[in-house]
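Good morning, and thank you for coming. Please look at the model on the screen while I go through a few of its features.

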Amino acid sequence: MIPEEINTVEQLTDKKENTVISIGNLHKSFGKNNDVLKGVELTVKKGENLVVLGKSGSGKSVLIKCLVRLVEADQGEIKVFDTDITTLDNNALNAVRLRIGFLFQNAALYDSMTVRQNLEFPLKRHSKELNPTEVEEAIIEALDSVGLADAIDKMPSELSGGMRKRIGLARTLILKPEIILYDEPTTGLDTITSREISELILAIQKKNKTTSIIITHDMACAKLTGDRLVILKEGLIVAEGTYEELEKSGDEWVRSFFN
Amino acid sequence: MVIYLKSIFNDAGNVTLFTARFFKEVLKPPFEIKEFIRQCYTIGYKSLPLVGITGFIMGLVLTLQSRPTLAEFGAESWLPGMVALSLIREIAPVITALICAGKISSGIGAELGSMKVTEQIDAMEVSAINPYKYLVVTRILATTLMVPLLVIFADGIGILGGYIGINIHSDVNLVRYFSQVLASLDFIDILPATIKTFFFGFFIGMIGCYKGFTAANGTESVGKAANSAVVAASLIIFIIDMLAVQITDLFM
């Protein structure tokens, strides 16, 4: 009995140490009768790629925006690196945010800056000890990792949709985040570019050992990148498992995502 | 009616909080000096041609329109002084501020509005960069500093326009013209007029930033932000002008 108990405690400790994101009873509504999240419970382990599926308007983007407090949760606990971010002051929150990267749906590149300036912008503010050569090297390295080193002096308006996503990813990577949140990374891209972006997400996870939450409608992306998938319906997580498990789910609604 | 009033009070409250945040953030480091200089260049230097042309036309037209009336009373010699006083006290500050409301306030509203809609402001926030400090504080400081300089520039060009206007019908020497202009001006004419332009500049920047920063999602809101910024800034300019005149009047 005793060794088994110890084993259970160890497992619990191990599980706790491995969990980088833990969401409990998360509620969010926008005005009366518009409850978007109704008690979401979710954990993400270190190094895991979690894919969040769900119909448009089911609250997927709101969920990841709550993780960086771009949207304030109404109720519930959001623990990132074992810190409840809902109670943090601005400085402490920014310290957590620096460890999280966020790739926006339309990349959100700063229109008035070149690609170089887009990457320099966060780096120079948060890594003041770097000299100009080291800044340049970090920019080249980030651009190399997304295969777009030759676009360094281009303006965002000169880039295609896929290139914008890659540059957005490079800007996210330059601060070396431990968690990356992807908001529909392949939306609006052709099949080939979508696959390239999905492969890039996977390569980044393998290279940098990052933890990721990927919100997508693209099942090819979900299959390629997801270690685990969860499905959000009417503000709650209704299904969880690997791609193969959910594909064979007994619930017809869950299966409909895979057809 | 109640809903309309509620939205007005809501807006007033939000603008007040937005303004209060400016005073809280402006003295806190880090200071975005580079962005502030860039904004001064964009807001000040790039507005020079527009303000210059308008100032020249104001001076010229004012002279041509006033001359016949003064000539009727045989007071044509008062023309330089009258033009300079009108320009410096009232016309140049208000017209320049209105032009800046149209050009700068709407530009800021549209720029920040589109940044908001395309999630660029959110991107700054998740990178642990304070977007209010980088985007709003720098722009408000730049307008507060640049609008008075633009008004002084418009004053100068307007007075020069007045000189050309006088010389269309008569022959006045440049030195004599300027000596008459300077003789007609007092310190009390220049100081209140200059002080109010700082307020004009502050509110032009503040309203543009507020409208852009609080734009709703969707491209339609970018147009609305730009449009409502011009309307609100123009109205505020007249209100400040009225208050400034009343206050100045107390000391004269």
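Contact here means heavy atoms within 4.5 Å. By that criterion, and leaving aside residues up to four places away in sequence, A:Ile213 touches A:Ile21, A:Val44, A:Leu50, A:Val52, A:Ile64, A:Leu67, A:Ile180, A:Leu181 and A:Tyr182.

A word on conventions. This is a predicted model, in which local features need pLDDT of at least 70 and side-chain atom pairs count only at pLDDT 80 or more, while totals for chains, interfaces and linings use all residues. Residues are numbered from 1 along each chain as its sequence is written, chains are lettered from A and ligands numbered from 1 in the order in which they are written, and side-chain values use heavy atoms, without hydrogens and water.

A:Ile213 is among the residues with the most contacts inside the largest nonpolar core, which has 99 residues. Such a core is a set of buried Ala, Val, Leu, Ile, Met, Phe, Trp, Tyr and Cys residues joined through side-chain atoms within 4.5 Å; buried means under 20% relative accessible area, exposed over 50%, and partly exposed in between, with a 1.4 Å probe and protein chains only. Apart from this core lies another, of 42 residues, including A:Leu53 and A:Ala222.

Is A:Arg166 buried or exposed? At 15% relative accessibility, A:Arg166 counts as buried. A:Arg166 belongs to helix H6 of chain A, residues 161-173, helices being DSSP runs of H or I with at least four residues, numbered from the N terminus. Beyond four places in sequence, A:Arg166 touches A:Val146, A:Leu148, A:Glu196, A:Ile197 and A:Leu200.

Note on methods:
Helices (H or I, at least four residues) and strands (E, at least two) are DSSP runs, numbered from the N terminus.
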